[in-house]
Amino acid sequence: MSEITTSRRTLLRRAAAVGLVAAPGVSFLSACAGSDDSGDSTKQATGTKSADNPLGIDPKAGVEIVIFDGGLGTKYATDVDTPLFNKKWPDAKITYSATQQVATTIKPRLNAGSAPDMINNSGSDIMDFGAIVKAGQAADLTDLFAAPSLDIAGKTVAETLVPGAVQQGTYDGKPFAVNYSFTVFGLWYNKKLFDKNSWTVPTTWAEFTALLEKIKAAGITPFGYAGANASYYMVRALLTSAAKIGTEQVLKDIDNLKPGAWKADAILQAAKAWGEVGNKYIDKSFLGLKHTEVQLQQDQDKVAFYPCGSWLENEQAASTPAGFEYAMAAFPSVTTSDKLPATAINAAAGEIYFAAAKSKNPQGGKEYLRTMLSKEAALEFTKLTKSLTVVAGAADGVTISPGLTSANDALSKAGQDVFMGYLFDTWYKKLDDASREAVNQLMFKGGDAQKFCDTMEAASQAVAKDSSITKFTRS
């Protein structure tokens, strides 16, 4: 797995985690940023608020931005966002820089009260954003989200975003971050292979297993994932099914270490269903393979379905043959009484962007974020990075890569039935490790659903009773 890919996936989980910690003042948060004793002596640029200038920026004040130079690149900032900003504010000079060492570069400036106005907090050197909020170094974005969208008439910025986008960067009731990039999770397959064999993407579990039988009869491994380093893909698949059976509350109970959470009927039913898939339709040798090895087999039409996030198509670009067309489907309903519809999907925002509270021009930093959250900027970001954004429908009706188009279509079909997922994998490493081992046992070594639930319940309560582990809660 590449360093960039690893950091982006880790960041996705971190970004979700810091955005939903109910009590950001807990002890660990004070370890990163430290208290700011420099005072608030920086003279900040301000202007007159109006319908055309809802954030009250100084039209002539410069704006300094810092972008993480990683997997998403930086062209979206230099070639899209900055020109769009200057189209509206031609007298405001944008001072731009890129770095791969965000904390090393930015944290001293935050602590000194001389931060850039807008910061992309990302990469392996990511800053602890909860600590930044606690230290008063991130600007409250309430006025940004209440401001009108730049190019979606009649809607505020908040009203143009996917469900949960504002909440994901909220602490103690106030929003401080824009989590911009959006990953959709589901079942990935080769549309051309399916069209060739007249295979219809299933929406029910009965249709799913019937199709797996047809695929198996055709000499193709029906379903697969890599047990060696990507078992968390399967954890997400199983828990997505559980959430569709019993709503996202099932996952919230797990995150909150609620006694009995892992023994909930929704978890057991999902484990039974997926355990059957493991028993009948997976190649047991995949237990020892890495993600790129199984993904390559899919590119060669040796594996039909693969559970993953919407980074998959871009990750496999170099090894995807001309006759392969990535597509994504929502995980099928497990029961006939699932509380969420078959179209419901798990999707989450990552890549933190924020305005610094004690910079020279925090309102200018917010206005830059408002530019990024325009439909035009979001679409161009998607074209450049092959990543969706939290701007709802920004890529609708536009020709983008096949896999991303498919993921975007699935997101549109889900409507309000989009859920963020779980956070225990970031909050509690011991529980994350246990889930990876337990799901491999389930899928490759017998399919014992009750054993899976019992093992995870024991691991969860061991964490709950360990006073040395900082606990978090989620509402």
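Modeller: In this predicted model, K386 is a reasonable place to begin: with a relative accessible area of 33%, K386 counts as partly exposed. K386 lies in the loop that joins α14 (375–385) to β11 (388–389), and its phi is near 55°, a positive value in a residue other than glycine.

E313 is buried and yet has no salt bridge, since K386, the nearest side chain of opposite charge, is 5.7 Å away, whereas a salt bridge is counted within 4 Å. The side chain of E313 does have a polar atom that lies 3.2 Å from the backbone nitrogen of L404.

The helix α15 (402–414) brings us to the second largest pocket, to whose lining α15 and β9 (326–329) each supply at least two residues. The largest share of that lining, six residues, comes from α15. The volume of the second largest pocket is about 360 Å³, and among its 21 lining residues M328, A329, A330, A410 and K413 are the closest to its centre. By residue class, the lining of this pocket divides into 13 nonpolar, four polar and four charged residues.

Notes:
Residues numbered from 1 in each chain as written. Predicted model: local features only at pLDDT ≥ 70, side-chain atom pairs only at ≥ 80, totals over all residues. Heavy atoms only, no water. 1 Å grid on protein atoms, 1.4 Å probe; cavity = no way out; pocket = protein on both sides within 12 Å on 5 of 7 lines; lining within 4 Å. Points joined across faces, edges and corners; volume = space filled by probe spheres on them. Helix = DSSP H or I, 4+ residues; strand = E, 2+ residues; numbered from the N terminus. Nonpolar A, V, L, I, M, F, W, Y, C, P; charged D, E, K, R; others polar. Buried < 20%, exposed > 50% of the residue type's maximum accessible area, 1.4 Å probe, protein only. Lys, Arg positive; Asp, Glu negative; His and termini not counted. Polar contact = N/O pair within 3.5 Å; in protein donor to acceptor, adjacent residues only side chain to side chain.
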